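Here is a friendly briefing to read alongside the model. Take a moment to look over the picture, then work through the points topic by topic.

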Amino acid sequence: MRILIANDDGIDSPGILRLAESVSDLGEVTVVAPHRERSTAGHSLTLHKPLRLWEIKPRYFAVTGTPADCIYMGVHEVLKGKPDFILSGVNAGANLGTDVHYSGTVAAAREGALLNIPSYAFSLVSLGDKRPLQFEMAARLARKVFLETHKATFPRHTLLNVNIPNLPEKEILGFEITRQGFRFYANDVSRREDPRGRDYYWIGGPYKGYEPGPGTDCDSVQSGKIAVTPLTIDCTHNEFYTTLKSSRYVTDTF
Ligand code: MN
C-alpha cells in the first residue's frame with residue numbers, strides 16, 4: 001500500500017510526524033508537506049511563482065507551497081503516480097462545518113479527491129479547555145478510523161473529513177458518520193498603526209459556537225465522538241437548482 005501524507009501545519013508539526021509514524025507499518029509512506037505553516041490557505045495552488053522541493057530525511061519532502069501544491073507535487077513529481085491513499089493532518093484544531101472551505105488540511109485531501117484517490121483529512125479538536133493537544137492519541141485513532149473505513153468504495157471525487165475530540169482516550173465514544181454542520185466566528189477587524197504611521201489590519205475573530213443539529217460533525221465531536229463526514233467537490237445546491245431551473249428566472253431571451 002502506498003500512502004501520501006500532507007498537512008497545512010508544516011512538515012515539522014507534531015501532528016504530521018505522529019500520523020506518519022502511526023501508519024508506517026501499513027505500507028510505503030511518503031510525506032510531502034509545506035515547509036512552514038499554511039493553515040487557512042484553503043485550496044490555493046501556486047501558479048505564479050516557482051516552488052522549491054527538498055528531502056529533509058528519507059521520504060519526507062518539504063515544499064515552499066500550499067497544502068494543495070504538496071499533493072500536486074507529491075503525486076506528479078515525488079511519487080510520479082497515484083498513491084493508494086492520501087492522509088492529511090493531524091491538524092492542530094478543528095475542521096468542522098464551514099471550516100472546510102478555509103482549511104488547508106481539508107484542501108490537501110480534496111486535491112486527492114479531485115484525482116480520485118481515496119483521501120482523508122484528520123483534525124484534532126480542542127473542546128474549549130486548556131488540555132494540551134494529544135497528537136499521539138489522535139494519530140492512533142486516525143489509524144483506527146482509516147483501518148475501519150479504507151476498504152469502502154469511495155465514490156468519484158470524495159474524501160472523508162475526520163475530526164477527533166481532544167479528550168482522554170477512554171472518554172472518546174467511538175466514531176460516527178456525520179454531515180457537515182455550521183460554525184460561527186466573530187467577524188473582527190483590528191486596526192493598528194505601524195511605526196511609520198500607516199494603518200494595518202488583523203482580521204478573524206474567535207470561535208463563537210455552532211448551529212445545533214443532530215447528526216452534524218459539530219454535534220458529534222461535542223458529544224465526545226469522532227466525526228467522520230464524507231465530502232465531495234460538486235457544490236451545487238440541488239433544491240435551489242431545481243427551483244431556479246423551473247422558475248421565471250430561466251430565460252434565454254434576456
Ligand atoms: Mn492547520
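Ser39 is partly exposed, with a relative accessible area of 28%; here buried means under 20% relative accessible area, exposed over 50%, and partly exposed in between, using a 1.4 Å probe and protein chains only. Asn91, by contrast, is buried at 7%. This is a predicted model, in which local features need pLDDT of at least 70 and side-chain atom pairs count only at pLDDT 80 or more, while totals for chains, interfaces and linings use all residues. Residues are numbered from 1 along each chain as its sequence is written, and side-chain values use heavy atoms, with hydrogens and water left out.

**The manganese site**

- The manganese ion is coordinated by Asp8 (OD), Asp9 (OD), Ser39 (OG) and Asn91 (OD1), at 2.0 to 2.2 Å.
- Donors are N, O and S atoms within 2.8 Å of the metal (3.2 Å for Na, K and Ca), and sites may look incomplete because water is not among the atoms.
- Along the chain, the donors follow the spacing D-D-x29-S-x51-N.
- Strands (E, at least two residues) and helices (H or I, at least four) are DSSP runs, numbered from the N terminus.

- Nine strands form an open sheet with mixed pairing, in the order 3-4-2-1-5-6-7-13-8; two strands pair if DSSP finds at least two bridges between them.
- Strand 3 and strand 8 stand at the edges with a single partner strand each, so one side of each has no neighbour in the sheet.
- From one strand to the next, the twist averages 25°.
- Helix 1 (residues 14-22) packs on the sheet, and its direction makes about 140° with that of strand 5; axes are lines fitted to C-alpha atoms, for helices over the stretch in contact, and angles run from 0 to 180 degrees between N-to-C directions.

**A look at strand 4**

- Strand 4 (residues 60-63) pairs with strand 3 in the antiparallel sense over four bridges, and Leu53 has Val63 as its bridge partner.
- Strand 3 and strand 4 form a hairpin with two residues between them, and Arg59 in the turn has a positive phi of about 70°.
- Strand 2 and strand 4 run parallel, joined by four bridges; the partner of Ala33 is Ala62.
- Both faces of strand 4 are covered, with Tyr60 and Ala62 buried on one side and Phe61 and Val63 buried on the other.

**The nonpolar cores**

- The largest nonpolar core has 34 residues, and those with the most contacts inside it include Ile5, Leu87 and Tyr120.
- Such a core is a set of buried Ala, Val, Leu, Ile, Met, Phe, Trp, Tyr and Cys residues joined through side-chain atoms within 4.5 Å.
- Helix 4 (residues 135-149) gives the largest share of this core, seven residues.
- Another core, of 14 residues, lies apart from it, and Val32 and Cys70 are among its members.

**Thr178 in its loop**

- Thr178 is found between strand 8 (175-177) and strand 9 (183-185), and counts as buried at 7% relative accessibility.
- Beyond four places in sequence, Thr178 touches residues including Gly215, Asp217 and Pro230, where contact means heavy atoms within 4.5 Å.
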